[in-house]
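Please look over the sequence and the structure shown here before reading the report that follows.

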Amino acid sequence: MSPVSDSSNRVIPGPQEPEEKTYHPSDGLFTDAHVPDFDAYLALYKKSTEEPEEFWADVAQEFYWKKPPSGQMLQFNFDVNKGNIYIKFMEGAKTNICYNVLDRNVHERNLGEKVAYYWEGNSPNHHQTITYNQLLRNVCRCANALKLLGVKKGDRVAIYLPMIPELVYTMLACARIGAVHSIVFAGFSSESLCERIMDAQCNILVTADGVYRGDKLINLKKTASEALERCKESMASSVQKCVVVKHNAFRTNSDASNKLQTPWDESCDIWWADLMDGVSDECEPEWMDSEDPLFILYTSGSTGKPKGVVHTVTGYMLYTSLTFKYVFDYHHDDVYWCTADIGWITGHSYITYGPLANGATSVLFEGVPVYPHVGRLWEIIEKYGVSKFYTAPTAIRLLMKYGREPLQQYDLSSLRVLGTVGEPINPEAWLWYYDVVGQQRCPVIDTFWQTETGGHVLTPLPAATPLKPGSATCPFFGVQPAVLNEHGEELEGEAEGYLVFRKPWPGIMRGVYGNQERFESTYFRKFPGFYVTGDGCRRDKDGYYWITGRIDDMLNVSDVCSGHLLSTAEVEAALTEHPSVAEAAVVSRPHAVKGECLYCFVTLKDHKEFNRTLMEELKRKVREKIGPIATPDFIQNAPGLPKTRSGKIMRRVLRQIARNEKDLGDLSTLADPKVVEVLFSQRWEAAA
Ligand code: PRX
């Protein structure tokens, strides 16, 4: 069969004509799939791009509206030459996302007694079951408590919590009363937290006293207090109250709270339990305009300063709901588990909003994959009968190291779909996931997307899409990708270049908080008329997309369960803050488990000595400034850096040195080629 062409003559894949070995979902497993085969996918895709108004109106029908959508569904401008960039979806319709993911399930769909979350703590002895009824009541109490603190529609609330139910309660409580949540991953440093609080001018911070991650006790409140101190020092502090969940005392070691010194400021701090005491468990939702902001989530920027990505209510609600339903082929009796942290977009979209919008039962996991033993993930899959599982390539590579034995101790026969996200998955890890975890029964769904896209944009669908290990395959409904060359010319058919999108879909970001200029320059100025992802990609002869990695100075770093973006500039800024460092240049180097890691070159000031102590100090500096996820794996002394005659550091050369690639190509623009030899002779082979 030859590749099919859609109306614009772009090649879209023909399922029978693979470039290399393809994998088909096993017969019989998906008798009731929402999208049963590739033709059904093509038909729906066609409708979503040719008749988007009808397509999205159908999706919207399932939701509750105070004032229903009318008029134009989608308005946008993607061309900087034609004025401001904007995206508006169902503007004027009134709804509330919290109502739709909770009250609608309880009151209209009779799901009140259904389990919303199985919370599984860091320790296997700690778990809790939360039904939709209970979730709704707890969210309402939290919403009323926030109101008592004076929070109102449009106010920003910073949330710095571990993976405990209170994190979900707080974010949904914000959504219920129209406050904008800004969740900061609980592994970030006080400086990173402060920077994010200040940028969004948050009025309230919600945190916890402490948390165990594996066997490590983390004093979260100490970091939160330090962040608030920093905010105060800058004279622009906005936070009036800090709400503190007492976590350790009742869910982990009974003596943990004694080990922690919880700093306390009577004028600002308040215990969660005291605040919730006696508040009502009913709360009328605030009816929001479709385009009112729902949340801000910070993501690294190539200039070093994080960008507050803004998502709005309706588009995000419809998009996360629909992608969840189709990409995981969700059915009512599924038990779904996404191992990401809610501090990242994966958790926002596919632990909270998408699954709840569908009335799904999810596992909410606080721990790490190898604590207290390396079979923990498999144990949890067996314990709850998980059918749809979503994790990151880094977790798969980590667990691959321990071989098959830990898996063989558990019954994984409940699994149906295996998802992955966060970075390109290498075929070896893909095959291990498919063969060993899924027993060749379960399709591996490689989902490509970003904080900015709100939900999946390139992804297979479990029963429909023939799979190729390492490819995120085809666009989701409503998404129109294109591949451009350096001059912005669109490439047809088989091609490699910049991955861009020609039109918005409902879940795409609406802006960078407080910075329209940065929004436009980051995503729209390079190629007017397109949203630029910042990723490179290849499209093969079947029309499948293969992400080739970042094309800017960003890299995908990973913690144990998820991959996310970091800019080399922010790490360089941290290194040069050290008094001994004159200059720093940071590049990425491939890493067997993490995918990519940080390789740093530092030039010291005169008479400063490079030694182990300095290396440790520099690592600490980066950890303190950004957070443990940014800890460099390699730091190399660089008496000189390879620079052009105009003084620009040639990062390409540094990347090649870090990777030990000897064929350096054209070095004629280098001011002093000898520098390269010196750096090669001193490079790190193995981790420092
Ligand atoms: O480089 C791509 C990579 O992660 C980036 C987005 O990072 P972040 O906003 O932190 O969101 C991560 C979770 C959605 C992308 O620009 N990326 C994400 N998923 C994939 C991927 N690269 C290749 N394949 C993927 N499936």
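## About the model

This is a predicted model, in which local features need pLDDT of at least 70, side-chain atom pairs count only at pLDDT 80 or more, and totals for chains, interfaces and linings use all residues. Residues are numbered from 1 along each chain as its sequence is written, and side-chain values use heavy atoms, with hydrogens and water left out.

## Surroundings of the ligand

The ligand is surrounded by 19 residues, and the closest are Asp446, Thr447, Thr451, Asp535 and Arg550; a residue counts as near if one of its heavy atoms lies within 4 Å of the molecule. By class, this shell has seven nonpolar, eight polar and four charged residues, where Ala, Val, Leu, Ile, Met, Phe, Trp, Tyr, Cys and Pro count as nonpolar, Asp, Glu, Lys and Arg as charged, and the others, Gly among them, as polar.

Helix H12 (345–357) and the strands E22 (444–447), E28 (545–550) and E30 (563–567) are the elements that give two or more residues to the shell around the ligand, and E30 gives the most, with three residues. Helices (H or I, at least four residues) and strands (E, at least two) are DSSP runs, numbered from the N terminus.

## Contacts and cover

An N or O atom in the side chain of Arg550 is 2.8 Å from an oxygen atom of the ligand.

On its own the ligand has 550 Å² of accessible area, of which the protein covers 97%; such areas come from the Shrake-Rupley method with a 1.4 Å probe.

## Backbone details

Most residues other than glycine have a negative phi, and most peptide bonds are trans. Tyr371 and Pro372, however, are joined by a cis peptide bond with omega about -5°, and Pro372 is found in the loop between strand E19 (361–365) and helix H13 (376–384). Gln440 has a positive phi, near 60°, and is found in the loop between helix H16 (427–437) and E22.

## A span listed in UniProt

UniProt lists residues 570–648 as "domain: AMP-binding enzyme C-terminal" in an unreviewed entry, and such annotations may be inferred rather than shown by experiment. In the model, the end C-alpha atoms of residues 570–648 lie 18 Å apart, and the span is 27% helix and 32% strand.

Conventions. Polar contact = N/O pair within 3.5 Å; in protein donor to acceptor, adjacent residues only side chain to side chain.
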